[in-house]
Amino acid sequence: MDTLHAKAEWERVGERWFRKTQQYTSVFDDSLDLDNYIVAGAPYAGALESLCIASPAIANGDKLALWPDETKLQAHQPGKASKPSIDVYSLAGQKIRSVAWDKGPIKGLGWSDTETLLVVAADGHVRCYDLQGDFSHFSLGHGADNYGVESCRFYNSGMVALLGNNTLVSVASYTEPRPRLLATPPSGEINAWAIVPPAYTLSRSVEVLLSIESTVYILDAADCEDRLPEFGSLSHISVSPNGRFVTLYAEDGKAHVTSSDLQDLEFVHESDSKTPPQYVEWCGSDAIIAWEDEVHIIGPGDQSASYIYDSTRVHVISEPDGARLITNDFCEFMERVPDATIQAFGAAAESSPASILLDAVGQLELESPKADDYIQLIRPNLTEAVDTCVNAAGRELDTNWQKRLLKAASFGKSVLDIYNSDDFVDMCTTLRVLNAVRFYTVGIPISFEQYHQLTPERLINRLLTRHEYQLALKIASYLKLPSDVIYTHWASSKVRIGTEDDDSVCRLVVERLAGKPGISFEEIARAAHHEGRSRLATELLNHEPRGGKQVPLLLDMEEDELALDKAVESGDTDLILFVLQHLKRKTAPSQFFRIINSRPAATALVESSALQKGDNAMLKDLYYQDDRRVDGANVFIQESLHQSDVRTTVDKLALAGKLLSDAKEAAVEAHAIKEATALLRMQEALERDLTEKFYGLSVNETISKLIQLGASGRAKKIQSEFRVPEKVTWWVRLQALIAKREWNEIEDIAKAKKSPIGWKPFYNLTLQAGNPRLASQFVSKCTGLEADESIRMYEACGMRVKAAEEAVRLKDAESWQRLLELAGRNTQEGREIERLGSTVFK
């Protein structure tokens, strides 16, 4: 195979080589004339869109969107629908979808990097279409409905719109659109404008280049700066895909290529044309100027090459590594020839190792011994030659040349003793994928560089939007990528467009997806719900094993009780609480409690949550609906304990008592509440009469405080009212007198013959209060003491002589001896103790 054939379409521009590769022929049929359309193309060989009324066209890499150009007369086409529509095509001319349009004149057509079609109406309404025809929408605001939209510029994730009052509105994200005004430009007619995407600016926000009169302004969200270039009035401004360069095309036919900040002029190209071009675009990092029938590719130093199209108008779509030239008859890809390709095909002045290796494999096919001579000639650089041939194969769109270059690489690596074949294997894998999607029935002529920028996963997503499920599955399997997204998308599409009944669709989907890992039936069910097939959605959700996926969709479908059942089945308390909160917000209390009453787990969780949060209102309603009177009364009792005034506390207790009055099993509790209420009322009266605080005291504490205040009569009344036992009353009285240090009254009590609580408490409390003299009076009254306990009691009161008398009385010689030694024989106290025991203990 002669390598000259590979270079037949190459054109030299200065020191660079460019080539055009024809990818598809007979792209559009005779009924569709691109000359009457505005074309918009998606990036990375995306779809083309077109509007059918009288239309302009827009391209997105592998798709075209066409909209009739309303500035041109349209021929009447019998049998064609009169309603306006946007038609989306592949680059091979295959119609993907037609979208009805009803919002009036279109001022902007563009694509996002996710193949979302953006359509901007004159009144500022923006619709974001996917390739299924579904759309979301938002409005630009900021007076767009009053002033109208003049034109738009798009980048991967956002856009900028120019309004009729010369203001600019920026949208940074299509998923969360927040239109905001940029800085106000100077007054005057805007001749041309372009944007620099945020990814390529220092401020990381979009910048706008505006041509007003004879100068160019750079504008962002905060400032508008005049860079004062002396280029005259401009008709076109175009920013390179990498954001580094700008082409400024002046009305005098000169194209000025500068840095994007307008500070460095690279070169000036004289087009020798007084007719304004249709396109000023970029072929990678090289400028392109296109008229209806002529395309100029511009290199440094004002070097250029021209391509003439005799019979049709050409449309140009910029790509990161080239440009697509589209006409009714063909689709071509123009690019700067990669370095690896130049080396492999020998366009340089001297033969490279790669070109010699390519010649060697030709000689090998001819069974010529020169093949070995060529190999020996480049043996020191054979590894480099193999790598170059592998890289060059990836940059070729012609499968014959791919095979030729890979065969040369295979021959070269077979000669090498050591060679890592990973790159070779990866390239073979990549080319199989690329060739499959480039086939005309698919129509995605993506290049090697675009493929790696797009990523295989996003390429598969593009196949899914075209319903190329079989090819997507093969590629996913070949590249060892997950296939669950493919199956889910197929099933979602099936429930959207399937004409079968719900049972048949559900059965088909479940059978096809049985055993497939990672399948999200929730996503499929959501698609069915959006299509109004709620029954099908419910059936599909029964096959979703994850409760967290089932429940949100069931709530969206207003299947609230089923959602609660699924949440309970999952055992996830957070999920159950989520559903319960949704039901609480949505339904009336009576309905809410009716729903949960038949579900014990939900009821228990509502109760637990309310207890944890202290939501007494919820607890009261819950216990009332469930006829749980004791629990309801407990809530009122708990509330009464936290009240600051008596009346509110009494009211709370009264409500608790009312609930318990009809509960036979709670008679004791009802009586206790009745007594507590009576005590509170008495305490209220006491506080009013005695100006002392009684609220919050128990019965015993109330009696004690009254005794301390000297209101013994009132204390006896409370004792009688609440039937306080006599023993308890004596204890309370004793403690109150001790606290008040009423020693005289205690002495009077000591004269009594009998005490219900005995006399030992009197001794202990009096001694602890610091009155041993009075405490000693109770020792003789105490009964049931141990043998020497009375001795120790006197001794604790500091009365050793009295203790000795008790020891003598009890004939306890050991205690007497101990007391004697403690007192000392030579002391008066000791002599008295010795005298007492001398007659008894000899």
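1. Strands here are DSSP runs of E with at least two residues, helices are DSSP runs of H or I with at least four, and both are numbered from the N terminus. The model is predicted, so local features need pLDDT of at least 70, side-chain atom pairs count only at pLDDT 80 or more, and totals for chains, interfaces and linings use all residues. Residues are numbered from 1 along each chain as its sequence is written.

2. The second largest pocket holds about 610 Å³ of space. A pocket is an open set of points on a 1 Å grid over the protein atoms alone, where a 1.4 Å probe fits, with protein on both sides within 12 Å along at least five of seven lines; lining residues have an atom within 4 Å of a point. Its lining counts 24 residues, and Thr21, Gln22, Gln23, Leu397 and Asp398 are the closest to the centre.

3. Two or more lining residues of this pocket come from each of β2 (16–25), β31 (330–336), α6 (399–415) and α7 (422–438). The most come from β2, which gives 6.

4. His142 is not a glycine, yet its phi is positive, near 50 degrees. The residue sits in the loop between β12 (135–139) and α1 (144–147). His142 counts as partly exposed because its relative accessibility is 37%; buried means under 20% relative accessible area, exposed over 50%, and partly exposed in between (1.4 Å probe, protein chains only).

5. Arg204, also not a glycine, has a positive phi of about 60 degrees. Its place is the loop between β17 (190–196) and β18 (207–212). With a relative accessible area of 56%, Arg204 is exposed.

Notes. Heavy atoms only, no water. Points joined across faces, edges and corners; volume = space filled by probe spheres on them.
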